[in-house]
Amino acid sequence: MKSTLRIACSRAHLQQVRDFVRNYLNSRSLPEITVNQVVLAVDEVVANFIIHANNEDETQFLDLELAFEKQELNVEIADHGDTIFLPGAHQSPDLRAYIREGRKGGMGMALVNRLMDRVEFFTRGNHTVCHLSKHLA
Amino acid sequence: MKVTAQPSADTLTLLLDGELDASSAIVLDTELAKPDILNYRKVLVDCAKLSYISSAGLGVFISHLQRFQDANVKLVFFNMQEKVFNVFEILGLDALMTIVPSAAEAEAA
C-alpha cells in the first residue's frame, strides 16, 4: 500500500510530514524507537529541501511517497523546485569542534545516513529526488 | 513546542513540551540565548514531555554549550524519553552532554 503527501516549502509543514510518516508506520506494530528513526530521517531530508534547496519559498512544493515492499520501507521525496540539491559525500561531524565553534547545523544528513539503510539523491529532469530505504522486520 | 522556565535559587529548570524541530527550535534558542541565563550555576532541562528532537533541536543545545561551559554553567538533561535519548546516542552526543535519568540526579549532578 502506497501513501502520498504534497506540501508547500514551509518549515511550518514539518509537523504534518512527521504525522504522515507516523500514521503510515503505526499500522505495522513497529517499536517506537524504529518509528521515530524513520520519522526523523524523513523530517531531516524534507527540512533540507525546504530550507536549503527552496529557501522556504512557499510557492514551491515537495511530493512524498511511502511504500512497503515485503519488509522494506521505501520513501521518495521529490522536490519540484529548480535548484538541484545533491548533498556531498557523508562525513561524520566533529561534534567537539561543533561545540567549540557554537555551530547549529551540519548534523542532519549524518543522522539520515546512520538511520536508513540506503540514502540516494538523484536528478529527474530539472528536479532533485531523494530515495530512502530501510528494512523493517 | 512550549518552553517553561522555572527559576529557583542558583538553578534554572526548563520544561520542554512538544516536538523540537527546524520550525520550533527558535523558541528554545531564544530562551537559551538570554544573557541572564549565565547567572545560574545550573540549567536543568526536563525532557519528560519532549516527544521528538531533530538535528535543529540538537544544534540549539550544541551552539550554546561552549558559552555555558565558559561561564561555569552546568547543562543537565533529565527525564528523557528513550526514543529522544536514542537520537543523542546515534550522534554520540550522550558522551558529550550530561544526561541523567531523574530530577534528583540532575540536582545532584
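How do the axes of helix α2 of chain A and helix α3 of chain B cross, and within what distance do they come? In this predicted model, local features need pLDDT of at least 70, side-chain atom pairs count only at pLDDT 80 or more, and totals for chains, interfaces and linings use all residues. Residues are numbered from 1 along each chain as its sequence is written, and chains are lettered from A in the order in which they are written.

The axes of α2(A) (residues 32-53) and α3(B) (residues 82-91) come within 9 Å and cross at roughly 55°. Axes are lines fitted to C-alpha atoms, for helices over the stretch in contact, and angles run from 0 to 180 degrees between N-to-C directions. Helices (H or I, at least four residues) and strands (E, at least two) are DSSP runs, numbered from the N terminus. In α2(A), A:Glu32, A:Ile33, A:Asn36 and A:Leu40 meet B:Glu82, B:Lys83, B:Asn86 and B:Val87 of α3(B), contact being C-beta atoms, placed from the backbone, within 7 Å.

Chain B holds an open sheet of 5 strands in the order β1-β2-β3-β4-β5, with mixed pairing; strands pair if DSSP finds at least two bridges between them. Its edge strands are β1 (2-8) and β5 (98-100). β4 (residues 74-78) and β5 of chain B pair in the parallel sense over 3 bridges, and B:Phe78 stands opposite B:Val100. Two helices of chain B pack on this sheet:

| Helix | Strands touched | Angle with β3(B) |
|---|---|---|
| α2(B) (residues 55-70) | β2(B), β3(B), β4(B) | about 170° |
| α3(B) | β3(B), β5(B) | about 105° |
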